[in-house]
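This report walks through one protein model. It takes up a sheet, aromatic rings and charged pairs in turn.

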Amino acid sequence: MGFKESEEQLLSKVATNGGHGENSSYFDGWKVHDRDPYHPTQNPEGVIQMGLAENLLGHDLIEEWMRKNLAASICSEEGISQFRAVANFQDYHGLPFFRQGVAKLMEKVRGGRVKFDPDRIVMSGGATGAQETLAFCLADPGDAFLIPVPYYPAFDRDFCWRTRARLLPIHCRSSNNFNITSSALEAAYLNAQKSNITVKGVLITNPSNPLGTTMDERTIRSLLSFTNDKRIHLICDEIFSGTVFKPPHFISLSEIVESDPECHRDLVHIVYSLSKDLGLPGFRVGVIYSYNDEVVACARKMSSFGLVSSQTQHMLGCMLADEDFTSNYLVENARRLKERHAVFTDVLRRVGIRCLEGNGGLFCWMDLRSLLKKETLEGELELWRVIVNEVKLNVSPGSSFHCAEPGWFRVCFANMDDETTERALKRIRLFVNGEIEEVEEKKKK
């Protein structure tokens, strides 16, 4: 039930400003799927969810570990002895052995090239909570973070909705594979200054969501140098770091920081999560790793609003302590992602669809510009509506990621089994071939 204008005044601006960003084609696609979800037997003609960056490819490995390690669960006969210790309230520092396990996992994902201090790890309710907490720690209402476009749509919610901070675009183009240039970075900063907007930092994702690419060392060093020179913060979202499945290997911001003795570490912050690398978004484990002591202290206090449950920490802490398991998991997960990505992009290539060359993430950045009837935002959304409502595939249009070039779409490939993947690819083949035939018929006329 909606509110009349007079009734809206009873609520806060946060409650009524629409800042959550739900009115976006990104979320609209989810709603279409929720109304008519695909099921192989109960609803085989339903909408296949390809707009959700989840990783189901390694769940059987985790299930196998859990069956062999029942003591990790306080809900089992083998683990019930730990019930009272886990059930009691834990402070917001997090269980020490869990933080140690997360730190060790982060080191492994980065090939052991850098170490992480467990005492700098702050727990949060997923990466969403971690991002918002950082925004609260670093910015006041009206302050801004620069961010390369395209970017993850929910960052508008995570960074801006409740904190009232802003995100300002660093414009990137397909002509150089959407890489960040020094001129675009400087232009974004100068534009903010001209508008009297205080820039508090730069926000990047590595690997990129939605591009599925990793940043090279030169780009990371350039960003670090820029933010250091301006005395502003650099936040790097590295929640897809363990999904890199082929060269070039992932380079973490932390590696660059550790190799640069002149770097102002107090301006550097990393966000991590177990949602993508381990495929556990439902466990709501987010991590802030900051080199700034005051940010660590403040974020830890703020984490009271989004703690990770002790039961979750206990079970996952046991799993992360099993170094043989985590090492084998990371290798096998990368192998499976590489295989699925190859299957997916090969079929797309055969029907004439190009994707940006990617080496990480759980998605492809798909180029459908050739299928646009009009090279405009509306032309892109018109194509998207056909794909969602008629082809019955929920893919996400580039405009929802703030991409300025119509015709790019993010399509997720790791959130489904092999059978569903085959059915989704079959639908794509039939659709694209049908569109090509229609274009050819029009040419004949």
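The sections below describe this predicted model.

Seven strands build an open sheet: 7 strands in the order 2-8-7-6-5-3-4, with mixed pairing. Strand 2 (121-125) and strand 4 (166-171) stand at the edges. Each has a single partner strand, so one side of each lacks a neighbour in the sheet. On average, neighbouring strands are turned by 25° against each other, direction ignored.

Strand 7 (residues 268-273) and strand 8 (residues 285-290) run antiparallel and are joined by 5 bridges. Ile270 stands opposite Tyr289 of strand 8. Helix 9 (residues 182-194) packs on the sheet. This helix touches strand 3 (144-149), strand 4 and strand 5 (199-205). Its direction makes about 140° with that of strand 4.

## Aromatic rings

The whole structure holds 19 aromatic pairs. One of them is Tyr152 with Phe155, edge-to-face at 5.3 Å centre to centre and 85° between the planes. Phe155 is buried, at 2% relative accessible area.

Phe240 and Phe363 also pair: their ring centres are 5.2 Å apart and their planes stand at 80°, so the pair is edge-to-face. Phe240 lies in the loop between strand 6 (233-237) and helix 11 (253-258), and Phe363 in strand 10 (residues 363-367), so the pair ties together parts 123 residues apart in sequence. Phe240 is buried, with a relative accessible area of 3%. Phe363 is buried as well, at 2%.

Ring pairs also link a cluster, whose members include Tyr26, Trp30, Phe145, Tyr152, Phe155, Trp365 and Trp408. Elsewhere, a charge meets a ring: Arg110 lies over the face of Tyr272, 5.6 Å from the ring centre.

## Salt bridges

A search of the whole structure gives 30 salt bridges. Asp36 and Lys392 form one, at 3.2 Å from N to O. This pair links distant parts of the chain, 356 residues apart. Asp36 sits in the loop between helix 3 (25-35) and strand 1 (48-49). Lys392 sits in the loop between helix 15 (377-391) and strand 11 (393-394). Asp36 is partly exposed, at 23% relative accessible area.

Other bridges lie within a helix. Lys104 and Glu107 meet at 3.8 Å, N to O. They are 3 residues apart in helix 6 (residues 96-109), about one helical turn. Lys104 is partly exposed at 30%, whereas Glu107 is buried at 9%. In helix 10 (residues 217-230), Glu217 and Arg221 are 4 residues apart, again about one helical turn. Their closest N and O atoms are 2.8 Å apart. Glu217 is partly exposed at 36%, and Arg221 is partly exposed at 32%.

Salt bridges with shared partners join Asp60, Glu332, Arg335, Arg336 and Glu339 into one network.

Definitions and conventions. Residues numbered from 1 in each chain as written. Predicted model: local features only at pLDDT ≥ 70, side-chain atom pairs only at ≥ 80, totals over all residues. Heavy atoms only, no water. Phe/Tyr/Trp six-rings, centres within 6.5 Å; stacked < 30°, edge-to-face > 60°. Buried < 20%, exposed > 50% of the residue type's maximum accessible area, 1.4 Å probe, protein only. Helix = DSSP H or I, 4+ residues; strand = E, 2+ residues; numbered from the N terminus. Lys NZ or Arg CZ within 6 Å of the ring centre and 35° of its normal. Pairing = 2+ DSSP bridges. Axes fitted to C-alpha atoms, helices over the stretch in contact; angles between N-to-C directions. Contact = heavy atoms within 4.5 Å. Salt bridge = Lys/Arg side-chain N within 4 Å of Asp/Glu carboxyl O.
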